[in-house]
Number of protein chains: 4
Amino acid sequence: MSNDPWLKSSIMAKRGLAKGEAGKRHELSIEAQGDFHYVYGPYAKPVLTINPGDIVVVETEDAFGGVITSETDSPTAKLVFPFLNPQCGPVAVNGVEKGDCLAIHIHAVETRGAQPAGTTCIIPEFGGLVGTAATAMLNKPLPERVRKMHVDKNGVRWSDKITLPYEPFIGTIGVSPEIEAISSLQPDYHGGNMDLPDVAPGAILYFPVHAKGGLMYVGDCHATQGDGELSGVAIEQRATVTLQVDVIKGWSFAWPRLETQNFLMTIGSARPLEDAARIAYRELVRWMSADYGFDEIDAYMLLSQAGRIRLGNMVDPKYTMGASILKKYLVS
Amino acid sequence: MSNDPWLKSSIMAKRGLAKGEAGKRHELSIEAQGDFHYVYGPYAKPVLTINPGDIVVVETEDAFGGVITSETDSPTAKLVFPFLNPQCGPVAVNGVEKGDCLAIHIHAVETRGAQPAGTTCIIPEFGGLVGTAATAMLNKPLPERVRKMHVDKNGVRWSDKITLPYEPFIGTIGVSPEIEAISSLQPDYHGGNMDLPDVAPGAILYFPVHAKGGLMYVGDCHATQGDGELSGVAIEQRATVTLQVDVIKGWSFAWPRLETQNFLMTIGSARPLEDAARIAYRELVRWMSADYGFDEIDAYMLLSQAGRIRLGNMVDPKYTMGASILKKYLVS
Amino acid sequence: MSNDPWLKSSIMAKRGLAKGEAGKRHELSIEAQGDFHYVYGPYAKPVLTINPGDIVVVETEDAFGGVITSETDSPTAKLVFPFLNPQCGPVAVNGVEKGDCLAIHIHAVETRGAQPAGTTCIIPEFGGLVGTAATAMLNKPLPERVRKMHVDKNGVRWSDKITLPYEPFIGTIGVSPEIEAISSLQPDYHGGNMDLPDVAPGAILYFPVHAKGGLMYVGDCHATQGDGELSGVAIEQRATVTLQVDVIKGWSFAWPRLETQNFLMTIGSARPLEDAARIAYRELVRWMSADYGFDEIDAYMLLSQAGRIRLGNMVDPKYTMGASILKKYLVS
Amino acid sequence: MSNDPWLKSSIMAKRGLAKGEAGKRHELSIEAQGDFHYVYGPYAKPVLTINPGDIVVVETEDAFGGVITSETDSPTAKLVFPFLNPQCGPVAVNGVEKGDCLAIHIHAVETRGAQPAGTTCIIPEFGGLVGTAATAMLNKPLPERVRKMHVDKNGVRWSDKITLPYEPFIGTIGVSPEIEAISSLQPDYHGGNMDLPDVAPGAILYFPVHAKGGLMYVGDCHATQGDGELSGVAIEQRATVTLQVDVIKGWSFAWPRLETQNFLMTIGSARPLEDAARIAYRELVRWMSADYGFDEIDAYMLLSQAGRIRLGNMVDPKYTMGASILKKYLVS
């Protein structure tokens with residue numbers, strides 16, 4: 001993945017301190033991690049400090065901390081709020097501070113641990129088609145249900161009849177806010193629990209930095225997921241995640257961005273859902289204007305014809321959408 | 001298009017009165033249409049009555065009624081609310097009544113009229129990134145702007161540098177409500193102004209019928225459009241639309257459905273946007289349960305991994321999303 | 001009510017064609033009405049035509065058309081969608097046309113019919129704390145339940161222990177759209193099912209007119225109701241409604257307005273709920289600017305300190321809020 | 001205020017460790033406070049530790065940290081995000097831990113500092129009728145504007161013609177989350193920036209405790225405010241706040257609650273606004289069921305007739321509503 005020719009022309013390669021070149025390789029095992037984190041904030045000590053360009057190989061837990069081991073487990077009995085969605089890190093990067101940008105190139109997301117490695121379930125009062133803590137209802141919750149399944153790089157064995165493709169991505173990744181400590185269940189301007197399938201091997205993420213060192217956290221990998229993560233739960237898995245981290249000095253913006261070979265994407269998280277779309281598209285207008293010479297109104301009119309939007313989640317404390325434009329249209 | 005082999009296995013072919021076979025061909029020219037309609041309702045007399053299986057070739061006006069003819073035109077001066085988005089029809093179908101389903105197979109959507117055939121513009125207080133009549137703001141509106149461009153089957157010439165693919169579809173199509181007359185600017189349970197790019201040549205639409213004869217209306221074709229129709233306006237064009245209309249007796253459901261070779265889609269329209277997604281996904285759960293043997297909770301869990309959702313518009317009086325599942329997964 | 005001294009200084013008295021003077025008295029009994037209407041639209045013939053200043057005494061049915069007569073009735077079995085919320089009218093007013101304003105002074109709303117005259121109930125998939133047709137959920141609906149109770153001008157006998165005050169108002173009232181026919185279940189720019197307790201005896205309503213004659217409809221009286229009409233149903237009652245109707249020529253605006261002795265109110269209906277609030281408050285800003293000499297930004301800042309907002313319903317197809325300002329502050 | 005006879009029958013008096021009796025009086029001056037806090041979280045050391053029943057007199061800064069001193073000041077130039085809305089505290093209370101309830105009886109909110117003591121202003125991209133960071137728009141922001149005015153207990157001198165009543169309350173108050181550190185600009189389950197005028201002298205607040213000691217923060221007093229805090233800014237003032245703090249062991253619930261002589265209120269904060277209303281009303285249903293013997297469906301039906309709801313803010317990161325029921329109806 002890291003040798004893809006397009007990477008030479010990526011923003012990371014052109015503007016990063018390490019010019020997109022890979023540096024030293026660090027391992028962050030479960031043991032090395034020790035305690036997990038359940039907030040994204042500046043109050044935790046870095047578990048690792050690296051240089052721009054370095055590669056970090058992180059062992060992640062699944063979103064349940066691995067406690068749902070059988071289809072007869074009760075999520076309600078096993079899961080203890082707010083200690084959900086354990087995060088590895090924070091990883092500090094030398095030379096990065098507020099006002100800079102952290103570039104994270106995802107090399108790989110590989111399933112880890114014993115089979116059945118994939119877990120999904122129904123958690124009462126959580127999900128897109130049920131009353132929840134926020135969309136508060138008097139209806140009785142759905143019954144709990146757990147499915148465990150074999151997952152490897154060849155696919156997700158949903159049932160005897162259905163095998164879904166293995167399309168892994170990172171559900172939760174981001175940097176620390178300046179003074180807030182935000183639940184790892186929530187996506188926001190700092191990244192976090194975006195649950196957006198584009199955050200996948202091959203992509204480069206760009207996060208605005210708010211705290212010295214950036215303080216990257218990561219966890220919650222999915223073997224596959226539909227648009228919206230409808231039931232609130234994807235195919236959750238433990239994973240080994242390989243990330244190359246670079247720094248772009250003095251590049252500041254409001255919300256996470258993402259680059260692939262073919263498109264640029266901006267990521268917004270908000271409720272109601274249209275505000276997530278508005279944030280994402282306005283950020284894209286601003287990016288097209290700031291870096292690609294578009295007049296804002298022209299960018300707006302072009303996106304009305306050529307913009308694409310992907311629903312990440314419609315279940316987390318904020319919903320997430322990614323708005324994108326093909327690079328080939330970035331010629332104003 | 002109408003000879004695609006997959007059509008033989010479509011729901012229309014299997015359940016329609018005409019078994020998916022094409023019948024008589026009718027022309028509904030601009031002259032034959034006479035007055036256009038600006039509501040979807042049962043209060044207008046059918047302009048044409050056909051039999052199940054018949055083909056209708058309809059000449060449509062663009063959403064502006066063709067009055068924006070130059071880049072120096074002022075949309076505000078030219079457009080007279082509520083006489084926007086002129087619709088052809090209604091077309092009555094013999095033998096269909098409340099409780100049945102109208103199946104509409106889209107054969108073709110072809111650009112019509114003199115070049116520059118494509119129009120887009122900024123309309124004050126309308127669009128996804130501006131204050132509107134409903135999301136009422138005190139900010140000053142954006143300035144008006146009009147772009148006219150050459151459109152043919154080879155592409156949409158956005159500018160000297162950018163040519164977008166010609167991906168035409170029908171912005172507004174549907175059937176009459178039972179007693180309501182709904183503005184042609186609005187999408188809802190009856191179809192209408194969904195602005196969903198999947199409503200394209202090759203697809204089959206299924207509408208629940210509320211009024212005797214079904215009373216199909218159609219108009220508002222787009223040469224291409226991005227997800228969300230961000231500025232409120234696509235590449236609007238006059239078109240010649242070829243539709244094959246069939247009837248499925250006794251098939252009733254709540255919201256429009258769509259079938260292609262590869263997937264089934266349900267279409268929801270609502271505000272806020274998450275309610276459009278909820279409607280679409282719940283309809284898909286119900287369809288999978290009613291016709292494909294899924295337990296509802298299993299369908300819900302599977303869609304959380306394999307569901308896809310497309311944003312049609314985030315600018316109309318209701319927003320529209322289409323939720324889909326690949327047919328190959330419909331094996332419970 | 002009609003002799004309150006403040007009425008002399010009302011907008012109706014100052015600007016109405018009849019100067020707020022009462023004219024001829026008309027009776028619109030259930031028998032005279034004949035068929036009820038379930039849409040607000042221009043497609044029905046007026047049942048009565050009056051002159052500006054005339055008084056109309058209307059007998060209304062309750063929102064259920066009177067079919068829920070016992071606590072053992074099943075709402076699901078008795079109610080036939082879309083034939084809910086029967087409306088009387090339309091009443092045409094001579095001399096009023098698009099661009100004018102219809103002023104309606106509510107003299108009285110009196111309980112009608114045999115005891116127990118009040119009805120409330122739980123309707124599955126309808127209400128503020130349950131999944132609905134739009135906020136689509138997979139949860140099982142709440143069980144049905146009906147309560148019938150004695151209602152007279154001394155109170156609403158909720159139970160042996162609780163008597164609520166009799167605070168009657170009109171749940172559904174308004175004028176015809178220009179070309180739409182809008183369900184009587186829905187509130188919108190034309191009025192309709194606003195379910196706002198301020199629409200009560202003593203108040204004057206102002207509706208922008210869209211169709212010749214104005215075409216006033218009315219129905220759906222409530223003996224009392226909480227903010228939001230939480231369960232979707234108030235204390236529904238048959239009523240005798242006394243209205244004085246006047247016409248203000250050339251006074252046009254976007255959304256319904258209301259005047260009492262002490263305050264002016266603007267009424268917005270939309271989803272999500274913040275858009276109802278935005279509409280209402282923006283209309284109030286515009287009213288303060290157009291008629292009371294306020295700079296728009298000053299009006300906005302003053303409403304931030306002295307504005308009041310009332311939640312009508314959070315259950316209908318659009319939610320309704322009324323924003324108000326005390327008249328004594330209308331001195332810019 | 002603390003001698004009101006109704007207090008003897010308050011929940012605080014009946015269930016609090018100090019039985020509603022006032023204990024020792026502590027002063028928390030600006031000097032004693034030292035650094036302010038801009039998040040509600042468990043990562044700050046208590047500035048004061050008290051016993052149940054103790055009284056704390058706190059000097060608060062205004063929401064701008066006092067930097068807007070003249071009508072020619074530019075909010076944009078003076079305000080540095082995220083260091084807005086400075087909070088005093090945290091105050092730890094002996095003997096309280098997760099699962100308990102902190103009861104806070106507000107004795108007084110008195111204007112502090114030199115005249116003109118009241119400040120309001122327009123902040124670009126913040127407010128209820130403008131595009132914002134979340135409801136992202138391309139429209140140009142409103143111009144900045146500042147108003148300073150004389151405020152004392154006799155009134156708020158808005159202008160030569162308009163004096164508003166002095167109706168002071170606490171805009172921001174609450175307790176620490178367990179692991180999150182939430183911006184002082186945001187209201188949520190922990191209280192925070194609710195901007196709800198009912199949080200006024202005479203009321204008793206009840207907060208569920210998440211961290212040892214409760215860790216109460218307070219700031220941001222308003223001299224008066226309209227429903228919704230429409231422009232995003234009330235009449236901001238420095239204040240001296242007198243609070244009596246008690247502890248109810250083992251009383252746990254999800255969202256802040258409030259008691260006055262006449263009513264009980266539950267407070268929800270969320271977007272979209274209907275979710276704030278849903279949270280507040282569901283909490284009230286649960287409270288009526290848990291402590292007053294109501295069947296949940298009966299409580300729901302009664303609130304549909306007798307519930308009241310107050311809009312606190314429609315401008316903060318979450319919107320706030322308070323749902324209430326008169327105590328006299330709590331007889332099931």
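Predicted model: local features only at pLDDT ≥ 70, side-chain atom pairs only at ≥ 80, totals over all residues.

Q: Which domains does the assignment give for chain A, and what distance separates their centres?
A: The domain assignment of chain A gives domain 1 (5-253) and domain 2 (263-329). Their contact takes 28 residues from domain 1 of chain A and 22 residues from domain 2 of chain A. Taken over C-alpha atoms, the two centres are separated by 21 Å.

Q: What area is buried between domain 1 and domain 2 of chain A, and which residues of domain 1 lose the most?
A: The two domains of chain A bury about 1900 Å² between them, with 58% coming from carbon and sulfur atoms. Three residues of domain 1 together make up 25% of what that side buries. They are L196(A), D198(A) and G228(A).

Q: Which residue forms a salt bridge with D227(A)?
A: Across the interface of domain 1 and domain 2 of chain A, the rule finds four salt bridges. A salt bridge needs a side-chain nitrogen of Lys or Arg within 4 Å of a carboxyl oxygen of Asp or Glu. For D227(A), the closest N and O atoms are 2.8 Å apart, and the partner is R310(A).

Q: How many residues of chain A are in contact with chain B, and what area do the two chains bury?
A: The contact involves 58 residues of chain A and 58 residues of chain B. In chain A, Y300(A), M301(A) and Q305(A) lose the most area to chain B, together 16% of what that side buries. Carbon and sulfur atoms carry 62% of the area buried between the two chains, which is about 5000 Å².

Q: Which element gives the largest share of the side of chain A that touches chain B?
A: Across this interface the rule finds 36 residue pairs in polar contact, with both residues at pLDDT 80 or more. Several elements of chain A give two or more residues to this side, including β7 (118-122), α4 (273-292) and β23 (319-326). The largest share is nine residues, and it comes from α5(A).

Q: Which residue meets R145(B) in a salt bridge?
A: The rule finds eight salt bridges across the interface of chain A and chain B. In one of them, the side chain of R145(B) has an N to O distance of 3.2 Å to its partner, D295(A).

Q: What area do chain C and chain B bury, and which residues of chain C lose the most?
A: Here 30 residues of chain C are in contact with 30 residues of chain B. The two chains bury about 2700 Å² between them, 61% of it on carbon and sulfur atoms. Together giving 25% of what the chain C side buries, the residues that lose the most are L138(C), I179(C) and R282(C).

Q: Which residue forms a salt bridge with R282(B)?
A: Two salt bridges are found across the interface of chain C and chain B. In the one that involves R282(B), the closest N and O atoms are 3.3 Å apart, and the partner is E125(C).

Definitions and conventions
Residues numbered from 1 in each chain as written. Chains lettered and ligands numbered in written order. Heavy atoms only, no water. Contact = heavy atoms within 4.5 Å. Buried area = accessible area lost by both parts, 1.4 Å probe. Domains from an automatic or database assignment. Polar contact = N/O pair within 3.5 Å; in protein donor to acceptor, adjacent residues only side chain to side chain. Helix = DSSP H or I, 4+ residues; strand = E, 2+ residues; numbered from the N terminus.
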